[in-house]
Amino acid sequence: MNDNLHQLCCFGCGVRIPGSKAGSIFRCADCGDLFEVEYPGWGLVGGTDRPNPGALKWLWRERRASSEQLDHSGVWRFRELLPILDNFGNAVTLREGNTPLYHLPRAARALGVDQLFAKHQGMNPTGSFKDTGMTAALSVAKERGYEWVACASTGNTSAAMAAYAARAGMRSLVLIPQGKIAWGKLAQSMDYGAVTCQLQTDFDGCVKVLSTIVQEAPIYLLNSVNPYRLEGQKTPALEIAEAFDWAVPEHILVPGGNLANNAALGKGFREMKALGLISRLPKISVIQAEGANPLVRSFASHGGKAIEPVQANTRATAIRIGNPASWRKAVRVIEETGGWCLDVSEGEIAVAKAELGREGIGCEPASAVTLAGLKKLVAGGMVAPSDTVVLLLTGHTLKDADYTIDFHRGTLLEPEEAAPLAPQIEALRRNAIEVEATPAAVLKALAEIQARWV
Ligand code: F0G
């Protein structure tokens, strides 16, 4: 690794170590907190290692027209801001990043917000935002000579890890909670050849088991405690800034699970500001599911200074996490950007997902918490009508098709969950109907349905 350009700084006590000296669980030997990647050369204004913002903007745009494989990656196109490899030839890429930023005119109108966008990270190669972090950290694992990589996962990290490991010719071990991940994700892990272990515990239990395993066997840990993951996951911040011509939106909303993604985006914006690429930070807000809301509780009970693990439960299985590793990093991002942290109900998540679907933008339930959260922020006056807002959609709709089908069949929610939102739910449901195989029968069914719409 390129220890000359980067080092690891402990988030808790500030101790600094070379990247190659990180232990197998990526926690500080002194205080047990997580590390962050730092680039000391950037601090020296006028120093030779400090990137020049104007030159970078030009270079990154030029690379869009390049025929180099590495330039086709939306992560490695920005490689000057993640110099974590000795040799960029070691980068394992599936052409991740470069995800679309969709305008959401209907939701914007309904909410009274001028400019509302969705940055769809589900349009990555394995269908989630995890690919951007995986290309970074798995490339480090490859450069360091590991044969095995592993993660505990609610399904998307494991899908991404298995795919990138397969591309690199490496082996991967996946620990997932039995029966609590969406089928699409389990299928991916098998497809890409991972050794997939379903454990009789939840995500937090899988994390615990894995931290012992990586201390006993030469296996490289690819959970988001690995700080190199966040270096890849900060690049959507760069894409967003670039898409707005380096004038950043007012507000970005991110789902919160293990809380690394908002930390990564916050790091991306913070570094861009420090380097003079942008002039201010967007507010970054974290939205959790009511049944998996340890950060919301932390702010309510301890001002964000301490966290108490919860027994997590939500149908948005991607964020079914009760003891988030990166909570301190998330608190810093929310506080330094002036963002908010709130939670939304199972019914609100289901409605928001269906509304996004109606705009032609499918996503995972966990991604839809952002739209549900935005409604609350607008209602509470925390988002102004003139604000430009970006929702981070983290996963592809086909990851969890069961959820969507159950919603439209009317079997997803319990009656008491659906009751407060009954009119919206009924207007959004489009269950498939069985019809006799004749034109007359189909036309009759169509007429009946249209009559109900009026
Ligand atoms: N959205 C999706 C679709 C996810 O898969 C995850 C996390 C999150 C949001 C939350 O991101 O953890 O950085 O706060 N999924 C992990 C996994 C934990 O194992 O795939 P976070």
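The points below treat the ligand and then the cavity.

This is a predicted model, in which local features need pLDDT of at least 70 and side-chain atom pairs count only at pLDDT 80 or more, while totals for chains, interfaces and linings use all residues. Residues are numbered from 1 along each chain as its sequence is written, and side-chain values use heavy atoms, with hydrogens and water left out.

**Around the ligand**
- The ligand is surrounded by 20 residues, the closest being Ser153, Thr154, Asn258, Leu259 and Thr394 (near means that a heavy atom of the residue lies within 4 Å).
- By class, this shell has 8 nonpolar, 10 polar and 2 charged residues (Ala, Val, Leu, Ile, Met, Phe, Trp, Tyr, Cys and Pro count as nonpolar, Asp, Glu, Lys and Arg as charged, and the others, Gly among them, as polar).

**Polar contacts** (pairs of N or O atoms within 3.5 Å)
- A polar side-chain atom of serine 153 lies 2.7 Å from an oxygen atom of the ligand, and a backbone N or O atom of threonine 157 lies 2.8 Å from a ligand oxygen atom.
- Taken alone the ligand exposes 470 Å², of which the protein buries 99% (by the Shrake-Rupley method with a 1.4 Å probe).

**The cavity**
- The ligand takes up the space of the largest cavity (on a 1 Å grid over the protein atoms alone, a set of points where a 1.4 Å probe fits but cannot get out, with lining residues having an atom within 4 Å of a point; a molecule sits there if more than half of its atoms lie within 2 Å of the grid points).
- About 310 Å³ of space lies in this largest cavity (a volume is the space filled by probe spheres set on the points).
- Of its 27 lining residues, the closest to the centre are Phe129, Lys130, Gly257, Asn258 and Ala318.

Technical notes
A polar contact is a pair of N or O atoms within 3.5 Å; within protein, one must be able to donate a hydrogen and the other to accept it, and residues adjacent in sequence count only if both atoms are side-chain atoms. On a 1 Å grid over the protein atoms alone, a cavity is a set of points where a 1.4 Å probe fits but cannot get out, and a pocket is an open set with protein on both sides within 12 Å along at least five of seven lines; lining residues have an atom within 4 Å of a point.
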